[in-house]
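User: Could you take a close look at one part of this protein with me? I would like a picture of how its pieces sit against each other.

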Amino acid sequence: MSRLSFRLAFKTSEFQKLDLPVEVRKPNLALVARTLATQTVDVQPGTYFVSATMPAGQELYTQVTVGETDVQATLEPEEESPHESHERQLFMSVGSFALSRLGFGLASDPIQGPEAIGSVEATVGLLRGGDPRTAVRMPLPFINFEKVGTGVQFRVAGSAPESPQQLEFLRPRKPPLHVALPISPGQTGLVVVRQVATRNTYDLAVDVHVANGEADLLLSGLSSGYLREASEALNSDQISAEKLLDAKESDPFGAAVGAYALLQFGELDRLHNWTENLMNWFQWLPDGLSIRGEHLARIGDHGQAIEAFVQLPLRGIPQFSIGISYALNRLRVYTRPTQKEFPEKLLARARQALDYLEQVAGFVDFQRPLLTTRGLRGDTEFPAGVDIGRYL
């Protein structure tokens, strides 16, 4: 037997260290092992195909021949990022088109359609508060803008302790777009804004990548298309959702991602008392209530679960769409007319919480992992902040 190890041929050290799920197969495609990129596999001498899949759908692939000595398989991505600063957008945006298909590096080539590059009116600003409808506009400290094909990417530093934040995108004659910005103080996140074609015009698509690469990988698993890989990644010592939860004091948003991942994949025994701490220690974070409430409901403590969910109107809208889904589903069950388990006063609060969330739910894009709404807020004065139209 020889030992097979793996190397990820990315440009950045952050991506080289990602603990991606890896498959090892024989030439007839029979599965030999499913493992993680930081682990090793004992194999018999022979030829093997090794592959891994990124959240955006690209495969990393290599063929390796193993003899009597240990071998390292170098997995090359099928598409190479033009620059290391673009790897997050290229490989981590679930469901997005590859940059090459968006005309990456062709910034001077106009989009053929009713709106061409350079003619788009669009501004982006920052809101602070748990509910985008009532959040306050704040100065937006951009670090830099970088043209990326039909879009732009920029980094935003987390600067609002004890308050959720949202990005606000305004364009004339279009509904305002709001996207949660789960960046903890002292950290920096990457925001990618692209033009996407609709029936008669172009619209904006926004991806926010959280500062922690491991959390970003798990966050991809909360969206469709990367569930199995993210579930396997939970077993990684490097990605470990427990590590994300344990680091909640420095990164509460990363802790929330870890908790959501464990809930999504049914790993309740690994949550311990962390969900209670997340709820109590960060009383400004709406997701702490959704996470705690869902955890309690899963273990059958519905009395304490409903107590968590009814507090959501005091904190705001969960910043991750899965948290909104958890709260809506549980509150709809708890407030059924046949429900006799809870006191009437508590049921009244539950109905109020459900009404509060349902007022927002119709505007939410549940296909996006972060809270993303269109047309939710009414005060659409233009502009809201920094003009990004010249980049689009």
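Predicted model: local features only at pLDDT ≥ 70, side-chain atom pairs only at ≥ 80, totals over all residues.

Here is the part I have in mind, followed by a walk through it. Which residues of α7 and α8 meet, and what surrounds Val-64?

Analyst: Let's start with the helix pair. Helix α7 covers residues 274-281 and helix α8 covers residues 286-298; their axes come within 8 Å and cross at roughly 150°. Because angles over 145 degrees count as roughly antiparallel, α7 is roughly antiparallel to α8. The crossing of α7 past α8 is left-handed. On the α7 side, the residues in contact are Thr-275, Glu-276, Leu-278 and Met-279, and they meet Gly-288, Leu-289, Ile-291, Arg-292 and His-295 of α8. Sorted by class, this contact of α7 with α8 holds four nonpolar, three polar and two charged residues.

Now to Val-64, which lies in strand β6 (residues 59-66). With a relative accessible area of 8%, Val-64 is buried, because the cut-off for that is under 20%. Leaving aside residues up to four places away in sequence, Val-64 touches Leu-4, Gly-46, Thr-47, Tyr-48, Val-50, Val-71 and Ala-73. Leu-75 is eleven residues from Val-64 in sequence, and their C-alpha atoms are 9.9 Å apart.

As for the nonpolar cores, the largest has 71 residues, and Phe-169, Val-191 and Phe-320 have the most contacts inside it. Val-64 belongs to a second, separate core of 25 residues, which also includes Leu-8, Val-71 and Ala-73.

Definitions and conventions. Residues numbered from 1 in each chain as written. Heavy atoms only, no water. Axes fitted to C-alpha atoms, helices over the stretch in contact; angles between N-to-C directions. Helix = DSSP H or I, 4+ residues; strand = E, 2+ residues; numbered from the N terminus. Parallel < 35°, antiparallel > 145°, perpendicular 65-115°, else oblique. Left-handed = near helix turned anticlockwise from the far one by under 90°. Contact = heavy atoms within 4.5 Å. Nonpolar A, V, L, I, M, F, W, Y, C, P; charged D, E, K, R; others polar. Core = buried A, V, L, I, M, F, W, Y, C linked by side-chain atoms within 4.5 Å. Buried < 20%, exposed > 50% of the residue type's maximum accessible area, 1.4 Å probe, protein only.
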